[in-house]
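Okay, thanks for having me on the agenda. I'd like to walk you through one model, so let me put it up on the screen.

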Amino acid sequence: MSRDEAASSGRRTVDTWLPIHDWTESQVWQRIRTSGVPYHPAYDQGMTRLSCSLCVLGSRADLVRAAQLRPPLAAEYAELEAEIGHRFRNDQSMAEIITAAEQAATAEHSEGAATIGLGQGQLWWPRFERQSDRYGTVFLLTGPDAEDYVSFENAPVGRPGRLVAVVVETRRSGHCGDIARALAPTTPTVGEEITLGTGTLFTETDVDLGVPTAVGLAPADHRDTRWSRYTTIST
């Protein structure tokens, strides 16, 4: 077989056995959702790709997050670096990655120590979030008929942190959930604290009301989908 024939055969093999090799990331996730196939929980913990836990081809953000999730393994890598006198990668060492992971953890702890109340009401998320798969914002409804939006005019926009919902009252939800993801509303317990996501706080203004009525956290890795922990939003 000539080189050209071998290359052609290789392309046919890829098309046959790896049919998603030219799909976009959004197409892959859409297929996962529609098929109902379970995926690795590390994606919900902030990882954008999976291979080795600390992959030499991973992004810096993924490496830092992996070092936070598996500190003993990261420490083992760093010890090997020191033993053999070589860096994990030419552009960064595992020791540097561990330092960045520790700094990020310290920053998250410091940010969590300063709690800022944003509002109280019935928690919902805009229909757009489910349709676009961004899952980036939530809003609160208040008033006798739950028709008034809570304004987030005083929210500390631009600050990193966690968005946490504290349950002060329970009710039966009338929300349809997310059928594509097989998510349906459940009833939490009073006093439960539910983390909706982590990132940089932002708000979105209602064009009719002229005030910010939606609040969310933009992730540090700039991903386009699943900005929030959508599995907890449905609670």
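Asp133, for instance, is buried, at a relative accessible area of 7%.

Quick housekeeping. This is a predicted model, so local features need pLDDT of at least 70 and side-chain atom pairs count only at pLDDT 80 or more, while totals for chains, interfaces and linings use all residues. Residues are numbered from 1 along each chain as its sequence is written, and side-chain values use heavy atoms, with hydrogens and water left out.

What does Asp133 form a salt bridge with? The partner is Arg33, and the closest N and O atoms are 2.9 Å apart. By salt bridge I mean a side-chain nitrogen of Lys or Arg within 4 Å of a carboxyl oxygen of Asp or Glu. This pair links distant parts of the chain, 100 residues apart: Arg33 belongs to helix H2 (residues 25-35), and Asp133 sits in the loop between helix H6 (127-132) and strand S2 (137-142). The helices (H or I, at least four residues) and strands (E, at least two) are DSSP runs, numbered from the N terminus. Arg33 counts as buried too, at 13% relative accessibility.

The salt-bridge count comes to four. Among them is Arg87 with Glu96, where the closest N and O atoms are 3.3 Å apart. Arg87 is partly exposed at 43%, and Glu96 is partly exposed at 37%. Another is Asp91 with Arg89, at 3.0 Å between the closest N and O atoms. Here Asp91 counts as exposed, at 54%, whereas Arg89 is buried at 16%.

Now look at helix H4, residues 71-84. H4 has 14 residues and reaches 20 Å from first C-alpha to last, close to the 20 Å expected at 1.5 Å a residue; that expected span is 1.5 Å times one less than the number of residues. Which residues of H4 are buried? Leu73, Ala74, Ala78 and Glu81. They cover an arc of only 140° around the axis, so they sit on the same side of H4. The arc, by the way, is that of the directions from the helix axis to the C-beta atoms. As a reminder, an α-helix has 3.6 residues a turn, so residues three or four places apart point the same way. On the other side of H4, you'll find Pro72, Glu76, Glu79, Ala82 and Glu83 exposed. Just after H4, Gly85 takes a positive phi of about 75°.

That brings us to the packing. The largest nonpolar core has 16 residues, and those with the most contacts inside it are Leu54, Ala74, Met94 and Ile97. A nonpolar core here is a set of buried Ala, Val, Leu, Ile, Met, Phe, Trp, Tyr and Cys residues joined through side-chain atoms within 4.5 Å. Helix H3 (60-69), H4 and helix H5 (94-113) each supply at least two residues of this core, and H5 gives the most, with five residues. Zoom in on Leu54: leaving out residues up to four places away in sequence, Leu54 touches Leu63, Ala66, Ala67, Leu73, Ala74, Tyr77, Phe88 and Met94, a contact being heavy atoms within 4.5 Å. There is also a second, separate core of 15 residues, which includes Leu140, Ala165, Leu201 and Val215.

Thr137 is buried, with a relative accessible area of 1%. Not counting residues up to four places away in sequence, Thr137 touches Trp125, Pro126, Glu129, Phe202, Glu204, Ala214, Val215 and Gly216.

Last stop, the cysteines. Cys52 is exposed at 51%, while Cys55 is buried at 10%.

Technical notes. Buried means under 20% relative accessible area, exposed over 50%, partly exposed in between (1.4 Å probe, protein chains only).
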